[in-house]
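Here are a few notes to get you started on this one. Have a look at the structure first, then read on.

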Amino acid sequence: MKAHRAIALFLACCLTGCAAPAEPSSGYAPDEGRRLTIYTSHKEEVYRPIVREFEARTGIWVTVVTGGTNELLERIASESGAPQADVMFGGGVESLEAYREQFVPYTCAEAAHLQAQFRAEDDLWTPFSALPVVLIYNRKLVGDGELTSWSGLFDDAYRGRIAFTDPSISGSSFTGLVTLLKAVGGDEEETLRRFADALDARQLDSSGAVLSSVAEGTDLVGVTLEETARQRIASGDDIALVYPSDGTSCVPDGSALVRGCAHEENAKLFLDFTVCADAQRLLRRSFYRRSVRDDVDSAEDMPRLDELSLVDYDARAVSARRDALLMTWAFIFGGEEEP
Amino acid sequence: MKRSFRARLFAAFLLVSLIPLLISSALMLQVFRLRMTGTTEREAQNYLDNALSAMNDAADGFLAVRDALRESAVLRDALTGGAVGSTRVYDELYRATEGLRGYASFDIYDADGAFRWSTQSLPRVASLPTDWGALHAAAETDAAAIPFFPCEEADAGTLLRGAAALRSDSGDIAGYLVIQMDAGHFRALFSGRYGAQNDLLLLSPYWHGIYATEAGLADTLAPQLRERLMSGAVLNIADDPFLYTAARQESTGFYLVLRQPEVLTQSTMRMLYTVTATSALICVLISILMGFSYSQQISEPIRRLEQAFSRLERNELDVRVANGRETDELSRLGAEFNDMVEALSRNQEALLENQRELDEAQIRMLQAQLNPHFLGNTLDTMKWISKINKVPQVATMSADLADILRFGISPDELVPLRREAEILERYIEIQKIRLSDGFSFTLDLPPELEDCLVPKMILQPLAENAILHGLEGVENGAVEVAAEADGETLRIRVADNGRGFPAELTGAYREQEGLARGHLGLYNVDTILRKYYGEGSGLYLENVGAGGAAVTAVLPLRREEEEEC
């Protein structure tokens, strides 16, 4: 019997191969207390230096999962039973508001230094950067000073040549649409109808396409965020940006603490880090973004925020109306499509 | 039965060939793999130790540079606004970095992060943030080690940046020593220390890729390795054709990962599997062939033997088993079968021969019994006639007797019926003389039956029986002899008009007490007929209606052959 077992063992060993040697490098992995998982919709050049610096300063290993804002928020919602993410980093605050059930409020360590207009009433989210909506135009096709305001978009000269992304796809486009409504004022449906008419049944399907379309001259003007526009201008595109005279919005993007997350303490450290002066200075230095702190100035070539005319934009109220507004827009925009 | 035998042979061949083959293949593969893996692991450790020692040397060198520059009054003065010529600063810088400039560029930045002096001809970055990355870390801590940071892509080729704060006499930060390494520096540092087939990957303390000896690997491989590490999996996974070994450099906390090609690559394994599979296939083919051939060698002789036995059962004694040149057990069995059949057929022939000889001897003996009997009677009669009457009939009888004697001693056993009838007439002539014409004799022999062959001297005993027993005490006795053919059967009837047979004797002749003694002639004739022609031939006795008896000899109708008797 023993002999049989020995032979069987020997054969099994022959045929399957003996156990692999122990893996020494697994000992290099951090323990649970030094881990953090971040879902981010930021571009790599934005999240990477922040995450790397955070790791170096805290000794916490960060796992980054990237994706679109809505995709990641959906994922967090679907994982609410067993959250994988600790922090949602990025996304307009209206989007974060729309998923408020998934997050818990956290008042970050340096909250006192945050500008009041960028703070959530209940600190559900922590602002990261201020992103005014701007209009852009192709400097070869449109003269400087020709476009100055939202209502200028209704000019027949631009009809059908406005780069505007479907607001149901792009959060910044949605913010742009709401800003337009506030800035133009009057009856909302009437304004939407006029804008849909000006678009002449054309919407783009990604927010990045706005810049390319205007830079290439396919479109004359476009609606986008200040940061994106400045980045393209800095990289050499012959476009110019306009802060609309009839008002713009400056909705921040932000970060939020996931409800029931596994590494809550580390997540809080990360939220603190995103608004610390060093990180906020990085926004100005590297990303053409505006800080949400009151002690970090904007870049010298950016107009100060208080010099801009701003519309009254309540992120929470807008978020609550989001679906209704998108449906109205889809109805009006789609209705115009029919001959 | 035959098929299953063949299948079992095949299975046995397959087992004895395939199992050792598979076991030895698997063993060889394992031994091979273990040896190779062991070698690879030792090799990896050697290379990593080698590369680590290069890193340690560099790190020690950098510390020495930092300490030398911290001690440098010239540099301190220059940074704190003293009137020091830049040549003196460069002199200090170059002296401190002697021997290390191939591994890094050494730059001096002021307290605000603005570039001042460098060992490189071109400054990489005109200013560095003091609130971020290396300079921030350097300001935060004056630790024993120099903090190194991976650089962002924007930083024009610099992969790694370390910084150390240089302090003024008052303890304030006067400037920074910035040590920057690019791909060329790493190439110089690791050159020849990781093996030609291998690649070396430098990872940050948090496993972000910094540099790899193969271009692009730091960006593609590092995230994968980090994911494996974070998910708790081992670095070496099944689908990856490489082996990874990691080691940590203690003073910087950076990791080195050596990537080696898998010992047994997919293609090597495929080749080994192919060889094994081909060998196995050959084994299967050989087993099939051997199984077929051996089962053929066994089943074919058995089949032949089986056929031979069934022919033997049908009494075909000429059957033989064909045997090839083989001298195996089955061939010997076949040969023994042949010997047995031969012996059997010899035995049977001998038996038949014996039987025939016996029969012939018996016939000769019977015939020899007849002749002296008749001869004696005739001679008695002749003697009596010649004594009493002195009559010429003696001559006749003598002549007849002479004929009969000649006929009787002739060697032929079968004679034509014509001859038999002639001899019968001689005999009747003698008996008529003997009995003084006491009876009449008629012979009815159809000409077409004259040449029928019958055993010699069968009619005389029948006639004698009729004359001596049938006509005893009968006046005008008559003996009639008639032959007739009935199909293939010849009937010769000898009838008299005497008193007939006792009723119990009629029918086929049966050997009986009394009858045999009184009718020895009938017994002999019947015996001769049956011995010659077998059952069906013989004598039949009957009584004829108006008195008198008839004896019929029944025998096959055979014609005389070409030659005359």
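Which elements do the buried residues of helix 7 of chain A pack against?

1. Keep in mind that this is a predicted model. As for the question, the partners of those buried residues in chain A are strand 5 (125-138), strand 6 (162-163), helix 5 (171-184), strand 7 (221-225), helix 8 (226-234) and strand 8 (239-242).

2. Helix 7 itself covers residues 207-216 of chain A. If you want to find its buried positions, look for Ser207(A), Val210(A), Leu211(A), Ser213(A), Val214(A) and Ala215(A). Just past the end of helix 7, Gly217(A) has a positive phi of about 90 degrees.

3. Now move along to helix 8 of chain A, where Glu226(A), Glu227(A), Thr228(A), Ala229(A) and Arg232(A) are buried. These residues pack against strand 5, helix 7, strand 7, strand 8 and helix 10 of chain A. Just after helix 8 there's a glycine to check too: Gly236(A), with a positive phi of about 110 degrees.

4. Then there's the contact between the chains: 20 residues of chain A meet 25 residues of chain B. On the chain A side, the elements giving two or more residues are helix 1 (2-16), helix 2 (44-58), strand 2 (61-66) and helix 10 (277-287). Helix 2 of chain A gives the largest share, 5 residues. Sorted by class, the side of chain A that touches chain B has 9 nonpolar, 4 polar and 7 charged residues.

How values were computed. Residues numbered from 1 in each chain as written. Chains lettered and ligands numbered in written order. Predicted model: local features only at pLDDT ≥ 70, side-chain atom pairs only at ≥ 80, totals over all residues. Contact = placed C-beta atoms within 7 Å. Helix = DSSP H or I, 4+ residues; strand = E, 2+ residues; numbered from the N terminus. Nonpolar A, V, L, I, M, F, W, Y, C, P; charged D, E, K, R; others polar. Buried ≥ 20, exposed ≤ 12 C-beta atoms within 10 Å, placed from the backbone.
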